[in-house]
Amino acid sequence: MTIRWSAEAIWEAVAPLLPGFTVEILPEIDSTNSELMRRARAGQMEPTLLVAERQTAGRGRLGRDWQSDTDAGLATLTFSLGLPLAPKDWSGLSLAVGLVVVQSLHPALRLKWPNDVWLDERKLAGILIETTSVGELRYAVIGIGINLLPRAADGLRTPPAALAEVLPGANAPSTLEAIALPLVRAVLDFETQGFGDLRTAFHARDLLYGREVSCTDGSTGSARGVDASGALLLHTASGLQKISSAEVSVRPAAAPTPT
Ligand code: BTN
């Protein structure tokens with residue numbers, strides 16, 4: 001099936017903000033992140049939005065796979081934005097990206113720290129940010145995968161959520177068009193202003209706020225949002241702790257004590 005992408009409209013909206021910007025749609029690639037990282041390492045550092053209708057080796061955070069459906073991009077949107085970036089402080093970039101994804105798509109979407117997008121207690125989208133330095137410049141590759149249509153659990157504990165649950169008719173081109181310009185704006189704003197000013201907006205979409213969570217570093221406590229650098233704040237038995245890197249899971253509510 002031919003997918004009608006609005007590459008030209010996206011290019012026209014984004015190019016004034018990003019000189020040299022290109023939009024590229026590929027029928028198939030191993031991973032849009034891997035491709036932009038390879039290009040950057042080979043010296044191709046132009047700002048690029050690379051979309052794949054199908055990824056054969058999609059990658060997730062922490063070395064995990066990112067599985068798309070195999071049905072030629074109908075059920076999943078997979079793309080990466082690559083651009084040279086020079087913020088004073090990189091901390092919080094992934095939160096800023098997660099925030100613009102939920103804000104661009106639907107009010108029901110929430111962020112699970114650091115940057116997973118969830119709907120109704122299930123993951124809907126994932127973000128993988130990688131960077132490489134070439135000479136003086138650092139090139140950032142921001143990869144986003146969004147489930148559009150319901151699909152099988154594929155070995156995951158729970159089947160992922162799908163955007164069509166809240167936006168019937170959601171498809172890959174319309175979803176990309178909704179995100180592309182806000183994403184570029186958010187990344188450029190992050191470059192000049194950092195994450196700090198986005199805290200309140202993050203808290204409004206924070207899935208974990210006030211919930212009991214466990215972190216892979218062993219800490220447990222009640223989530224209290226994030227600080228100005230994007231670190232997770234955790235209210236623990238020994239006081240407020242800052243978690244800068246860990247995986248977090250929500251702890252099931254304690255069973256009621258028998259009377
Ligand atoms: C995660 O949830 O662990 C992050 C998933 C990121 C998936 C996207 S799909 C487009 C881009 N290319 C990849 O190989 N990964 C990212």
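Trainee: In which loop does E121 lie?

Mentor: E121 lies in the loop between β5 and β6; strands are DSSP runs of E with at least two residues, helices are runs of H or I with at least four, and both are numbered from the N terminus. This is a predicted model, in which local features need pLDDT of at least 70, side-chain atom pairs count only at pLDDT 80 or more, and totals for chains, interfaces and linings use all residues. Residues are numbered from 1 along each chain as its sequence is written, and side-chain values use heavy atoms, with hydrogens and water left out.

Trainee: Why is E121 called partly exposed?

Mentor: Its relative accessible area is 43%. Buried means under 20%, exposed over 50%, and partly exposed in between (1.4 Å probe, protein chains only). The value for E121 falls in the middle class, so E121 is partly exposed. E121 also has a positive phi of about 70°, although it is not a glycine.

Trainee: What makes D120 exposed?

Mentor: D120 has a relative accessible area of 57%, which is over the cut-off for exposed. D120 is found in the loop between β5 and β6 (122–134), and its phi is near 50°, a positive value in a residue other than glycine.

Trainee: Which residues does a cis peptide bond join?

Mentor: W113 and P114, with omega about 5°. P114 lies in the loop between β4 (110–112) and β5 (116–119).

Trainee: Why is α1 called roughly parallel to α4?

Mentor: Helix α1 (residues 7–14) and helix α4 (residues 172–193) pack at an angle of about 20°, with their axes 10 Å apart. Axes are lines fitted to C-alpha atoms, for helices over the stretch in contact, and angles run from 0 to 180 degrees between N-to-C directions. Angles under 35 degrees count as roughly parallel, over 145 as roughly antiparallel, 65 to 115 as roughly perpendicular and the rest as oblique, so α1 is roughly parallel to α4. The contact is made by A9, I10, A13 and V14 of α1 and L176, E177, A180, L181 and V184 of α4.

Trainee: How many residues of each class are in the contact of α1 with α4?

Mentor: Eight nonpolar, no polar and one charged. Ala, Val, Leu, Ile, Met, Phe, Trp, Tyr, Cys and Pro count as nonpolar, Asp, Glu, Lys and Arg as charged, and the others, Gly among them, as polar. E177 is in the contact and, as a Glu, counts as charged.

Trainee: At what angle do α3 and α4 pack?

Mentor: Helix α3 (residues 93–105) and α4 pack at about 145°, with their axes 9 Å apart. Their contact divides into 13 nonpolar, two polar and no charged residues.

Notes
Contact means heavy atoms within 4.5 Å.
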